[in-house]
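Please load the model in your viewer and keep the selection panel at hand. The stops below follow one another as a series of selections, each with a short account of what is found there.

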Amino acid sequence: MHRYVLRFTALGYLLVVLLAPLSMVFWRAFDDGAGHLWRSLSDPNTVHALKITLLITAIAVPLNTLFGVICALAIVRQRFPGAGIVNALVDLPLALSPVVVGLSLFLLFGRTGWFGPWFDDHGIQILFALPSMVIATIFVSLPFVAREVVPTLREIGDEQEQAAHTLGAGPWATFWRITLPSIRWAVIYGVVLTTARCLGEYGAVAVVSGHIEGQTETATLRVQDAYENFDLPGAYGISLVLAVLSVAVLVGITLLKPKEAR
Amino acid sequence: MFSISIDKHRNRIVLAAAVAAALALAAGAAAHPTGTTLSLVGYSTPKAVMGKIVQAWQQTPAGTGVSVNQSYGASTDQARAVAQGLKADLVFLSTGDDVNLLVDAGLVNQNWDEQAYDGIAADTVVVFAVRPGNPKHIKSWADLVRPGIQVITPNPFSSGSAKWNILAAYGAERRLGKTDKQATQYVEQLFRHVVSQDLSGRNATNTFLAGKGDVLITYESEALNSRMNGQDIQYVIPRQTMLIQLPIAVLKSSPNVDKANRFIQYVKSDPAQDLLAQYGFRPVDPRTAKKYADKYPTRPGMFKVGDKYIGGWRAADKVWFQPTTGRMAKIEQAVGGPTAG
Amino acid sequence: MPSSEGAVKALSLGFTTAYLSLIVVLPIAALVWASRANGVSSFWSVATAPEALAALKLSLGAAAVVAGLNAVLGTITAWVLVRDEFRGKQLVNAVIDLPFALPTIVAGLTLMALYGPSSPVGIDIAFTRTAIVAALLFVTLPFVVRTVQPVLLELSPEAEEAARSLGAGELRVFRSIVLPNILPGILSGVALAFARAVGEIGALVLISGNLPFRTEVASVFVFTHIESGDQAGAAAVAVVMLAISFAVLLVIGGVRFLATRHERA
């Protein structure tokens with residue numbers, strides 16, 4: 001009986017908060033017809049923007065995954081002083097409004113910023129080019145893998161690793177054969193969340209990108225652009241592509257998981 | 001046991017493919033400019049028409065072989081970006097206030113507003129967008145503060161459009177004979193009727209089109225732009241209204257100052273002015289303006305930011321828009337704050 | 001091999017600190033530095049000005065409500081996705097992350113269209129605090145769901161079955177066996193949801209109305225101050241938001257520490 005109550009509650013909540021808005025995106029993308037949608041999606045600037053989004057995601061996700069796993073292991077398995085602060089620092093990027101992220105990058109790399117002049121003198125462009133967009137995206141998507149892995153690591157405990165240690169296994173072998181398989185779902189969901197966040201990032205990247213058509217626009221910037229020009233089907237259409245990509249990553253990575261013997 | 005060797009193999013292939021893809025994307029994404037390149041940084045509404053103007057200019061001798069990088073976004077955001085290093089040879093913004101930001105950053109000459117047509121590329125006016133048929137009969141500034149009327153205007157601290165709206169409201173009252181104090185009180189009264197202060201003009205238009213409010217104070221060019229994009233929007237030009245002057249300026253640090261100036265000249269000349277008029281902007285070129293006089297009626301009470309009651313952007317900024325000491329900050333506090341009635 | 005183990009530990013700690021310092025600490029340091037540009041007294045007067053306080057109260061209050069709702073509804077959703085079976089479950093599971101993948105403006109647009117003045121279901125909450133909570137629920141939805149799911153997936157059902165066979169009711173089983181195990185996951189998700197809700201701007205700008213003192217959130221306040229050239233003031237409020245979030249995150253971390261001390265006993 002209570003199983004149906006729980007199911008009804010969950011599905012009701014999801015319907016109102018998630019599924020209805022998502023259906024709207026899907027529905028409205030085709031408001032002007034599939035032909036118009038295709039034309040708007042195949043605009044060279046939009047295609048380029050999607051490539052830029054994918055490129056940034058391809059850089060940020062592996063880096064944040066590597067960091068997330070290592071950081072989680074350090075926080076849970078090593079009792080170092082300040083672990084609590086490190087833990088809180090990992091979540092902090094989320095508390096920064098995207099505009100503020102952009103502002104802080106201006107403060108660091110702008111014409112009058114801390115490091116701006118140095119990079120200017122050496123001819124390296126950080127702001128209004130790919131590097132700052134990547135940094136901003138890494139920043140906003142930093143917490144997810146770590147946050148997923150930490151509770152799971154705490155949950156499973158380290159008996160198996162202790163056992164391996166007494167059997168003479170080195171740290172790498174222990175990690176690869178025992179720890180990693182046991183946190184695979186956490187890593188999977190962490191990667192999926194990180195990827196989704198990278199695909200959907202707008203605010204911080206908008207501030208540092210410079211909006212240069214055909215060069216520094218991401219897919220989300222094109223969505224904003226379409227909205228500004230009253231092309232709502234176009235805006236929803238690009239969003240739909242991002243949604244499909246995100247789901248594809250989830251499906252793909254779930255299929256990729258290493259087999260386990262249970 | 002774990003079938004780790006097969007999985008390692010498969011995972012390795014996937015990883016290699018991902019790296020290869022990333023490198024291919026990086027190669028494809030790098031820009032390879034040849035010949036002269038101009039960088040145009042503009043605010044969002046003229047994006048469509050500027051694209052056309054650039055294309056037309058590239059057919060002329062002056063523009064042949066010149067590629068033009070274009071960037072469009074919210075006016076103040078764009079100005080700040082240029083101040084922080086966004087490469088630009090020329091800017092086309094929605095307020096002189098934003099150009100002054102660049103003057104203060106040392107990037108634009110102080111005499112930018114002494115160029116042709118006072119440094120202006122196109123004009124528009126402050127209008128009232130109303131519901132179809134104008135059911136509440138909104139025609140003048142006095143109508144906006146009738147009981148029960150709900151007004152939409154953007155937030156003055158983030159939107160250039162809002163600044164024009166406020167100065168228009170104030171200036172209209174002054175021109176009708178009110179004193180400085182009375183006109184300021186009118187603006188406060190107006191803001192008691194505001195139900196949404198969106199962060200940009202476009203967002204405010206969206207709020208209005210979504211069904212909120214009885215009247216939206218906006219640019220004529222914004223209203224016409226929405227119409228051109230299929231939105232059913234009706235507007236009224238009040239008798240007392242402000243001429244919104246949209247500035248275009250060259251950056252003195254530009255390596256292509258001459259080319260940039262040639263482009264600006266083109267924008268102020270007939271073919272470009274004609275395009276601007278078609279896309280909802282009032283031309284500054286007198287001949288083109290006469291040609292489109294029916295589309296863009298004038299009003300007897302039209303005034304500019306340089307008008308004696310306002311005194312130009314620098315003065316207006318100091319009096320009205322300082323974040324903590326300006327009149328708007330005080331008005332926002334009076335209307336919404338803890339001491340509000 | 002103690003030395004290689006020690007080396008690995010040192011390396012991983014070093015990497016973690018370096019990455020965090022570069023990516024997180026540096027930008028925040030720049031922000032804190034900018035906020036003191038006009039002096040400490042100016043920092044306080046800006047951060048405690050009536051409009052700033054109103055915006056902060058609204059943001060923190062909304063974030064707390066949303067975090068609480070997520071704790072309950074997110075856990076129920078995770079439970080249903082892991083333990084329940086129904087047609088379309090895989091599809092529902094696949095779309096949980098979409099609030100992240102969609103640009104936040106889309107959230108605002110769709111919520112406005114669904115629950116605003118032209119709502120097809122007759123609900124108009126636009127420009128109210130309810131709208132703020134609804135928009136925040138959308139953008140924070142994946143957090144608790146996705147942090148609880150992996151823990152539930154790793155939870156072997158034997159302990160629960162044993163308890164049931166001994167006659168314990170479902171609620172008892174949940175409270176004494178499942179909950180202690182998923183609590184760290186819930187708290188992780190809640191911390192993330194709270195932090196995100198405090199800083200959110202994109203999903204709120206269309207639907208909240210941004211009226212100062214009434215429906216203006218802290219991030220909008222910061223934005224308008226940046227736009228009007230008051231960088232120091234903006235940075236001051238941003239630093240206050242950060243400090244409060246940091247404190248809340250530390251507290252949640254502390255609660256998690258206390259709640260799981262049975263594991264370390």
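Begin in this predicted model with strand S4 of chain B and strand S8 (residues 234-236) of chain B, which pair in the antiparallel sense over three bridges. If you select Ala129(B), you will find Tyr235(B) of S8(B) standing opposite. Keep Ala129(B) selected and turn to strand S7 (residues 215-219) of chain B, where Leu216(B) is the bridge partner of Ala129(B). The pairing of S4(B) with S7(B) is again antiparallel and comprises five bridges.

Select Asp104(B) and Arg314(B), whose side chains meet in a salt bridge with an N to O distance of 3.1 Å. This pair links distant parts of the chain, since Asp104(B) belongs to helix H4 (residues 96-104) of chain B and Arg314(B) to helix H13 (residues 312-320) of chain B, 210 residues apart. Asp104(B) is exposed, with a relative accessible area of 56%, whereas Arg314(B), at 43%, counts as partly exposed.

The next selection is Asp180(B) with Arg327(B), a salt bridge in which the closest N and O atoms are 2.9 Å apart. Because Asp180(B) lies in helix H7 (residues 180-192) of chain B and Arg327(B) in helix H14 (residues 327-336) of chain B, the pair ties together parts that are 147 residues apart in sequence. Asp180(B) is partly exposed at 30% relative accessible area, and Arg327(B), at 24%, is also counted as partly exposed.

Move to chain C and select Glu160(C) and Arg164(C), which form a salt bridge at 3.7 Å, N to O. Both residues lie in helix H8 (residues 158-165) of chain C, four residues apart, or about one turn of the helix. Is Glu160(C) buried or exposed? At 2% relative accessibility Glu160(C) counts as buried, while Arg164(C) is partly exposed at 32%.

For a group that involves two chains, select Asp43(A), Glu213(A), Glu217(A), Arg222(A), Asp225(A) and Lys47(B), which are linked in a network of salt bridges. Over all chains, a search of the whole structure finds 30 salt bridges.

Return to chain C and select helix H10, residues 218-227. Ten of its ten residues are buried, so H10(C) is largely enclosed by the rest of the structure; among them are Phe221(C), Phe223(C), His225(C) and Glu227(C). What do the buried residues of H10(C) pack against? Their surroundings come from three chains: helix H5 (98-109) of chain A, helix H3 (75-83) of chain B, and, within chain C, helix H3 (50-83), helix H9 (170-199) and helix H11 (231-259). Just after H10(C), look at Gly229(C), which takes a positive phi of about 85 degrees.

The last stop is the interface of chain A and chain C, to which each of the two chains contributes 91 residues. Together they bury about 8,400 Å², 77% of it on carbon and sulfur atoms. In chain A, the residues that lose the most area to chain C are Tyr13(A), Glu155(A) and Tyr189(A), together 8% of what that side buries.

How many salt bridges lie between chain A and chain C? The count is three, and one to select is Arg3(A) with Asp84(C), whose closest N and O atoms are 3.1 Å apart. Eight residue pairs are in polar contact across this interface. On the side of chain A that touches chain C, helix H1 (residues 2-29) of chain A supplies the largest share, 19 residues. The residues on that side divide into 62 nonpolar, 16 polar and 13 charged.

Notes:
Residues are numbered from 1 along each chain as its sequence is written. Chains are lettered from A and ligands numbered from 1 in the order in which they are written. This is a predicted model: local features need pLDDT of at least 70, side-chain atom pairs count only at pLDDT 80 or more; totals for chains, interfaces and linings use all residues. Side-chain values use heavy atoms; hydrogens and water are left out. Contact means heavy atoms within 4.5 Å. Buried area is the accessible area (1.4 Å probe) that two parts lose on being put together, summed over both. A salt bridge is a side-chain nitrogen of Lys or Arg within 4 Å of a carboxyl oxygen of Asp or Glu. A polar contact is a pair of N or O atoms within 3.5 Å; within protein, one must be able to donate a hydrogen and the other to accept it, and residues adjacent in sequence count only if both atoms are side-chain atoms. Helices (H or I, at least four residues) and strands (E, at least two) are DSSP runs, numbered from the N terminus. Ala, Val, Leu, Ile, Met, Phe, Trp, Tyr, Cys and Pro count as nonpolar, Asp, Glu, Lys and Arg as charged, and the others, Gly among them, as polar. Buried means under 20% relative accessible area, exposed over 50%, partly exposed in between (1.4 Å probe, protein chains only). Two strands pair if DSSP finds at least two bridges between them.
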